[in-house]
Each structure stands twice: as C-alpha cells, then as structure tokens.
Amino acid sequence: MTGTLAARLGEFAAAVEPPAEVRADVPRRVLDVLGNALAAYAEPDAGAARAALATMTRWRGVPESTVIGFGARLPAPSAALVNGVLAHSLDYDDTHLPSVLHPSASVVPAALAAAEAGAPGDPVAAIAAGIEVTNRLGMAGLDPSSGANLFFERGQHATSICGTIGAAVAVARLYGLPPGGIADAIGIAASMGAGVLEANRTGGSVKRAHCGWAAHAGVVAATLAADGLTGPPTVLEGRFGFFAAHTGVFDADAVTDGLGERWELLRTVFKPYPANHFTHPGIDCALALRARGLRASDVECVELGVAEPVLRTIAEPPAEKARPRTGYHAKFSGPYTIAVALTGGGGLGVGLDDFAVLDPGRLDLAARVRVYADAAATEAFPRAFAAVLRVHTRDGGELCHRVAGSRGGPGNPLTAEEVAAKFTANASRALCADRVAALAAAVGRLADGGAVSELFPA
C-alpha cells in the first residue's frame, strides 16, 4: 500500500476478505451489541435511548431500518443513532486493548442500519473493516512514553471519535465504494466525530449517546461520499488533520503495520461486568476476597490500587466517586463498584440489577474505599488492567488480593459459552426465550452469508 493514511485504509477496506477466524468472530460482536441494546431497552432508566428515539421520530423520514427493542422503523442514520445509544448505554460493550476503546457499539449499529436499508455489501466484511480501523486509530493515539491514551488525556472520548470513522468505513464498504470513495468517507467522518468525557467524572447521561452519534455520523459520511462529497487526502496525518486536532502526536505505523494480516479486532475483549472497564480488576479482587469468606460487615476500610491513568475516571473527584448520583454514574466509581462486588450477585459476579438503584449500605461502604496509584498496575497499563485490593477488617486483620489482568481481558478472555450466556441473559430482559434463540440463530448465519434483515423479525 502507498499514499496517505486515508488512502491506505481505503485500499484495505475496499479489498479485504476477512480470514476464517475473523469471519467467525464478527457475529459474536453483533450478538454482544444486540444483547446489550435489548437489555438497555428493557432498563427502567432508558431515558437516553428514549430521548434519542423521540427526537429521531419527530424528525421522521423514510422508514428504512429497525430500532432495536422499540420496533420502530426510521431512516438509516436515525436508526443507527438510537441503536448506538442503546448499545453503549449500559457500559457493557466490548473493549480493545491497548487503545482502550469500545469499537463495536458504533460500527455494528451503523452497518446493520445501512444493510437493512439496502446497502448490498457483505456485512461481516464491512463490520470487520470498520472495527479494525477504529482500533488502529485508537492505538495511534497512545503516548509512546507512558502508554496513556492521548485522546483521554485531553478529555476526549476516543470510542466515539475513532468510532465515527470506523462506522463510515463499514458503511462505505457496504455500499461498495472504491478505495478513493472510502478514503473520502474517512475524510468526511473526521469532521464529524466528537465526545468529551466529563460525564465519566461528574455524571450526566450524554456519554450514553456518544456511540449513537458516531454510528449516525458514520452512515451520513459514507452516504455523502457515495453521492460525491470529498474529503482531504491528508485528513489523518495533515497539519490540521485528525491527529493534530485530537492527540498532537501519533504513531502512523500503528495505523498500517500488518493491516489485513494482524487483526486488532481479535484483541477486542468482551466485558463480564456492566461497568466501566477500569473498574473490572478491582471487582475481580473484591470477588476473590469475598470467595475467601470476606463479608461486607467485616470491612473497616479498603485501599484500591489501580493504574495511575485511570484515577481520573474512577477515583476523581473523590467526593463524586464515593457518593455517585445515579446507578449509571456508579458504574464509573471505583469505590462503589468495590461495594457492589462485596455485596451483589448478578450476572457473572456483578450484574445489571446491581446498578438499578443506589443502595445506602453500598454508599456507606464506598465512602470507606480509598483509591490510589499502584506501580505494578501502572506498568501493566494499557495492555492489561491490573489492581490490588487491601481490606482492613473490624477485628484488626488485613486481607489482600492482586490481579495482573482483569477477567475478560486479553490474558483471560470470556469463553464462547460465556459470551453466549451473556447475550441470552441480556436479551431475555426484553424478549421471550423463543425469540432470543431465533435472534441468536439469525446472527450465527451472518458468517455464512445470512441477511441482516433476518435479525429483525425476532
């Protein structure tokens, strides 16, 4: 491949035929997104998705694509927006390391909406290309000295910013655009991606909409490219381009090295717990100590050691994290998720119902958790999420547990059976057992050429 970064990504996306391992993996991404979206639809606190649906319905348009759960049909960009909000609403969506972003929640809703609306391409290849581009753009924004994500350092949500471009790549591939057309879609999408992360720290529901906006913008960008709008060829690496705007410095090799041969998509892991991924190693530690007999009533105080870059997400401001304002806000609290792990019991140890309401006993326990930067966890980050938990008990004792990588992470991924069980549990919150099974079967047929339209009768 030669030329600008956008040109090289366009060549990759237009020509790539994913290998068997990737073709087998993509339906699992679709399954996870659909399960998360259905569970979000069924949540009593589904305000973000309902707000998105109300706005998109008021704007109306040609009924092209299905809104998951609600059953409404909207123009493809509008359906992609609502479905992307649903996919990201529970913070249960898959994560790529080391970029630390969630690619499927933007790419899959965009691709499904465009395919249902009539885009004729192979959805598996399109989704694979879109996720791969999303992950690689995120990797390019890592600080070479510290490994920190430079998008996050500037308060920007790499998931939605990079996901907008990945979604555009997926839809452009579905439309059958040539390499130059896909490069134009990238150039257009780069002007549309957005998302700031202050909601992680102090609350608000707007973060739930980030992947919806990315999916919407991806469909729009690819459609505009198909209709003749063009983008700057140096949109990624240029003086006033994507990386100059978002990260300042970047690693161009991370975008293109081994492209089409080494698949970062396969390094994208599924979450076992419906909470910010930075909280997962602490949850693992708390569950391990609980399995050793620790009871919440035994706890005097707790020290949670995590990687230094994640403190601003799950530990700061300390007063907000010790007493989150909503169940959703609690998912981004290191102290509250420790309290949940020591007292809950849903899902794979911590489940959706554990965040349905803010429990006074858990708030009391969270107030006794101090979070600090641990050297070993900082060294492992961002290729693994590590933590150490030290609990001081009321009888003067001390218990300690350390994990070098979280459950579900690259070193300990969920099994295919666990991913399927997660989908069944999530989808069953909205659908009867027969429809859950029918939907899973329809997703499974995608790898062998099954149509996206088969998903929505279920």
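**Exercise 1. Serine 89**

Which backbone oxygen lies 2.6 Å from a polar atom of the side chain of serine 89?

*Solution.* Start with the ground rules. This is a predicted model, in which local features need pLDDT of at least 70, side-chain atom pairs count only at pLDDT 80 or more, and totals for chains, interfaces and linings use all residues. Residues are numbered from 1 along each chain as its sequence is written, and side-chain values use heavy atoms, with hydrogens and water left out.

Step 1. Find serine 89 in helix α4, residues 76-89. Helices (H or I, at least four residues) and strands (E, at least two) are DSSP runs, numbered from the N terminus.

Step 2. Look for the oxygen. It belongs to the backbone of valine 85. A polar contact is a pair of N or O atoms within 3.5 Å; within protein, one must be able to donate a hydrogen and the other to accept it, and residues adjacent in sequence count only if both atoms are side-chain atoms.

Step 3. Check the surroundings. Serine 89 is buried, at 4% relative accessible area. Buried means under 20%, exposed over 50%, and partly exposed in between (1.4 Å probe, protein chains only). Leaving out residues up to four places away in sequence, serine 89 touches Ala40, Arg208 and Tyr328. Contact here means heavy atoms within 4.5 Å.

**Exercise 2. Aromatic pairs**

Count the aromatic pairs, then describe two of them.

*Solution.* Step 1. Set the cut-offs. Rings of Phe, Tyr and Trp (its six-membered ring) pair if their centres lie within 6.5 Å; planes under 30 degrees apart are stacked, over 60 edge-to-face, and the rest tilted. The count is nine.

Step 1. Take tyrosine 41 and phenylalanine 70. Their pair is edge-to-face, with 4.9 Å between centres and 85° between planes. Tyrosine 41 lies in helix α2 (residues 20-42), and phenylalanine 70 in the loop between β1 (65-66) and β2 (73-74), 29 residues apart. Tyrosine 41 is partly exposed at 25%. Phenylalanine 70 is partly exposed too, at 22%.

Step 2. Take phenylalanine 151 and phenylalanine 242. The centres are 6.1 Å apart and the planes at 55°, so this pair is tilted. It joins helix α7 (residues 150-153) to helix α12 (residues 242-246), across 91 residues. Phenylalanine 151 is buried at 0%, and phenylalanine 242 is buried at 4%.

Step 3. Widen the view. Ring pairs link Phe151, Phe242, Phe243 and Phe250 into a cluster.

**Exercise 3. Threonine 247**

Where does threonine 247 lie, and what does it touch?

*Solution.* Step 1. Threonine 247 is in the loop between α12 and α13 (252-256). It is buried, with 3% relative accessible area.

Step 1. A polar atom of its side chain lies 2.8 Å from the backbone oxygen of valine 249.

Step 2. Beyond four places in sequence, threonine 247 touches Gly141, Leu150, Phe151 and Arg154.

**Exercise 4. Nonpolar cores**

Which residues touch the most other members of the largest nonpolar core?

*Solution.* Step 1. Define the core: buried Ala, Val, Leu, Ile, Met, Phe, Trp, Tyr and Cys residues joined through side-chain atoms within 4.5 Å.

Step 1. The largest one has 104 residues, and Val30, Ile165, Ile186, Leu236, Phe242 and Leu455 touch the most other members. Helix α8 (residues 158-174) gives the largest share, eleven residues.

Step 2. Zoom in on isoleucine 165. Neighbours within four places aside, its contacts are Val133, Leu137, Ile186, Ala189, Ala190, Leu236 and Phe242.

Step 3. A second, separate core has 42 residues, including Leu97, Val302, Ala330 and Leu363.

**Exercise 5. Cysteines**

How many disulfides does the structure hold?

*Solution.* Step 1. The cut-off is a pair of cysteine sulfur atoms within 2.5 Å. The structure holds zero.

Step 1. Cysteine 162 has its closest cysteine sulfur in cysteine 211, 11 Å away, too far for a bond. Cysteine 162 is buried, at 0%.

Step 2. For cysteine 400, the nearest cysteine sulfur is that of cysteine 285, 7.8 Å away. Cysteine 400 is partly exposed, at 32%.
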